[in-house]
Amino acid sequence: MSLGSGASRGVFSPCLFLGGTLGAAYGSIVEHGIPGLGVNPVDFAVVGMAGMIAGTTGALVTSIVMLFEMTRDYNIILPLILTVSIAYIVRKTVSRGSIYTVKLLRRGHVVPEGLVAARNAAYRAGDVMSRRFAVIPASTTLDQWPVRDESAEANRLVVVEDEG
């Protein structure tokens, strides 16, 4: 529903909620199906959150570290790693792109991942940065600002403190 609005925002929190809900539901089914196992549905909820984040965003390490930091429970590290890995594999099997890149892929854009993106970057910082800018002291009032030429690249203004 958050993506159906036409914008790509509002993805992260719904993923946490859905992952937690599905994980807790699965944990409750396991708890009632095998009563002597002693599982805690709350642990399944936390692991489900990490799995949903990893599967939808592709941020495996981030989801593991983030959910571990939220709980500080060393007992869920292995289930976190296992669930995150499975969720990522399932997502890559079903969809090439993550929730953030799927729209770009549908439009025909190439979206490299990981080291491939870093190695094949089309631009370097120096290629897109401009060295032409105006430095304006912080004490300058609006009516003292230089006249700006809308076609000039030097329309980027840098405000500096009076001390430099």
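Trainee: Which residues form a nonpolar patch on the surface, and what is their accessible area together?

Mentor: This is a predicted model, in which local features need pLDDT of at least 70 and side-chain atom pairs count only at pLDDT 80 or more, while totals for chains, interfaces and linings use all residues. Residues are numbered from 1 along each chain as its sequence is written, and side-chain values use heavy atoms, with hydrogens and water left out. A nonpolar patch joins side chains of Val, Leu, Ile, Met, Phe, Trp or Tyr within 5 Å, from residues with over 30% relative accessible area and no salt bridge (Lys or Arg side-chain nitrogen within 4 Å of an Asp or Glu carboxyl oxygen). Here L82, I86, V90 and V94 form such a patch, with about 400 Å² of accessible area together (Shrake-Rupley method, 1.4 Å probe, only the protein chains shown counting as cover).

Trainee: Is V90 buried, exposed or partly exposed?

Mentor: Buried means under 20% relative accessible area, exposed over 50%, and partly exposed in between (1.4 Å probe, protein chains only). V90, in helix α4, counts as partly exposed because its relative accessibility is 47%.

Trainee: Which residues of α4 are buried?

Mentor: They are L80, V84, A87 and R91. These residues lie on the same side of α4 because they cover an arc of only 70° around the axis, taken from the directions from the helix axis to the C-beta atoms. On the other side, L78, L82, I89 and T93 are exposed.

Definitions and conventions. Helices (H or I, at least four residues) and strands (E, at least two) are DSSP runs, numbered from the N terminus. Patches are made of residues with over 30% relative accessible area and no salt bridge: like charges are joined within 9 Å, nonpolar side chains (Val, Leu, Ile, Met, Phe, Trp, Tyr) within 5 Å.
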